[in-house]
Amino acid sequence: MSSAQNDFYSILIRESMQQQGYRAIGRRGLSQGVSYFHTRDRRYLGSDIDMSIWTGYQIKIQRMMVCIDTKNKLLHGDTVWAEIKLLQRSGLSPDEISRQLLNQMSDEETASSLQVITTYNTAQYTIYSIDFDSTPVSKTFLYTERNPLNGRITKSLLSLSDYLLKRYSIQLTPEECKQPLLTAYVNQQVVYLLPSRCLRVGLGLGKDFTKENRDKISQIREHMCLNPEDRYSKVKTLAKLLNNDNFGIETKQMKVVAKQLPVPRLIDGEGCVRTWKEYECKKLKHNQAAKLEKGNWAMVYAEEDFDKANTLADMFQKASLALGMLIQEPQWVEISTSSLQSYLSLIQSDINPLNCQLVIVIINDSGLKPTLKSLLDRGGIPSQFIQSQTITKDLSLGVYSNLLKQINAKMGLDLYRIEYGTRLRNTMLIGIDIVNSGSFRLIGCSATMDEGFGQCFSKVYKQMAQGVKTDEAVEGVIKQKVRRGLMEERIGKERAQIIGGFVREAMARYKERNGVMPEQVMVYRDGTGGQGLKQQIEAVEVETVQEIVGCKVLYCLVDKNINERFFTKSNSQGIGNPIAGTVIDTDLVERDGDRLFDFFMIPHKAMVATAMPVLYQIIQNTSGLTKEEIEIVTYHLCYNYFNFPGPIKVPMVCMYAHKIAQYALEYRIIPNEALSGHLHFL
């Protein structure tokens, strides 16, 4: 579809959706995907949850096809202003209120969890700060207005309260005029919002909500998750509505040919080939079982949790037998009181980082974990935190077995080894992901160090966001596009240098461990961002990596944020999800060559709701591997993630890269270099 055709259909679809009562949320065009939500279609979930679900659609135009998917947003019942007032009444200071609402843990500017939708124009924003020194009356700006009759432009100084009255006919109450302001950024410009006219989007205070309100989470999931048949029906309904407007849109869903990839086989500790089913049924011991011998690991607990600590040690010893692990008595570190200072003091005085392989910390307050985790990280000791209330003898051994598997992986040891064949001998895999965090980005990188792809070298880097100055003569939309293009170019070049530095260090580590450099490097690049940054990856990043490694390279972009959904249809079972290992590499893809190509994959088992495919794009390939070999390897790598007993959505190096970046963000640290060879961040 040409650009003109794309624009034509974009206008028609937007007007049709608006006529049916839908509003567009977001600032992307239909080529990237636009979310439409009905102005009246909000379903209240009841007073016990005090939230509502706003249902809608995501529409994307691609290659003469209209891609439609359902979309939901979860909105809080109270405004952000009501939340602020509640916190003020509890005696919190402005800084404490900001940190709590934005889910920040220090004065440093970090990622905000506060997403809001305005009630007057239903636009969505990410809030980066709360300005308690300004009000809707005191905050003024230069307002530009064009006379529709003569085209004359006038400029006037307006307060935010005057602007809302003039633009939206909103008359603020005297109390609203005294409220602070929320600040967001749109196209590198500050936007001020009124808390009284904003509703929070999403669950809110994340982890605490999830742990303390599991029943609510379950209820919300039931309302938000659509099974394949319901999702298929809703998509078909909208397609018929659009077709009624004589767009010439075919309402039948496109039929594509898919193929099914084989489940991986395992190599056990004795070199014998085993099935994945045997591992699922817990018939295999760890390939490299951890040995926690007496005195070389510690268990830290409060005096009140003495019985819990003994129960945990006993259950670990019982569960370890089936895994082949050795669990002996730990160094017991008992805290007299469960205060943060007591934990800090005893850990620093009683645990020697040189003689301790692992520290298990039992806590009854999740708020203690960030500070204690940071302390142990700085000491270079892998750690495992367990909530005391979860430790009981009534739990099955399977729960304790899963904890031991995580501990085994954190200590740098393989749980199992997948059979990849000789074509991947002397190959290094690299995973890259980006986590956005306010004024900076965290770049997570992970590279395999062995032929079994179980041992990884992982690091995280901090990249500051940068503004770009442009010629003041460039006006309006053109100026914004120029600024955005220059900014993406600068970010892309700097990011390529950062990633190149990691690759150089990973290559040296690989040679130090194996005695030779890898003959082949396969990069799975997640967190690609918008189209401009994708172009930067192809133009700069790939070339940078190729020059450093000096060997065969495969570069694959990984995109999880796509609109495409795939369904199976049968007379006996109706509409359903494709099974794990389903691949589509024809018809819908943009490139289908033998060397450079795209493919959709559903690597995971969709147990709830509709399966979400992942798009893989091979943009550089000198590996010599066939298309089928690349697809199978990519699928099998989704099984190689040691923190989940089955395939995940992306190759494990991508997940490890994401996990270490999230770890650095959550605990406000760049992880200790001494831990870079361990999966300590799981």
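**View 1. Helices and strands here are DSSP runs, numbered from the N terminus.** Welcome to a predicted model whose protein chain holds 16 helices and 30 strands. Of the 682 residues in the protein chain, 50% are buried. Among contacts with a separation of 6 or more, 67% join residues 24 or more positions apart. The protein chain exposes about 32,200 Å², with carbon and sulfur atoms supplying 48% of that area.

**View 2. Four strands form an open sheet in the order β18-β16-β19-β20.** The pairing in this sheet is parallel. At its edges sit β18 (331-335) and β20 (383-387), each pairing on one side only. Neighbouring strands are turned against each other by 15° on average, direction ignored.

**View 3. Here we look at how strand β16 (residues 297-302) pairs with β18.** Five bridges link β16 and β18 in the parallel sense. To find your way, look for Ala 302, which stands opposite Ile 335 in β18.

**View 4. Helix α11 (residues 369-378) packs on the sheet.** This helix touches β19 (358-363) and β20, and its direction makes about 160° with that of β20. Helix α12 (residues 397-410) can be followed here too: α12 lies across β19 and β20, running at about 160° to β20.

**View 5. Helix α15 (residues 627-637) is largely enclosed by the rest of the structure, because eight of its eleven residues are buried.** Buried here means under 20% relative accessible area. You will find Lys 627 and Glu 631 among the buried residues of α15, along with Ile 630, Val 633 and Thr 634. Tyr 635, His 636 and Leu 637 are buried as well.

Terms used. Residues numbered from 1 in each chain as written. Predicted model: local features only at pLDDT ≥ 70, side-chain atom pairs only at ≥ 80, totals over all residues. Heavy atoms only, no water. Helix = DSSP H or I, 4+ residues; strand = E, 2+ residues; numbered from the N terminus. Buried < 20%, exposed > 50% of the residue type's maximum accessible area, 1.4 Å probe, protein only. Contact = heavy atoms within 4.5 Å. Areas by Shrake-Rupley, 256 points an atom, 1.4 Å probe, with all protein chains shown as cover. Pairing = 2+ DSSP bridges. Axes fitted to C-alpha atoms, helices over the stretch in contact; angles between N-to-C directions.
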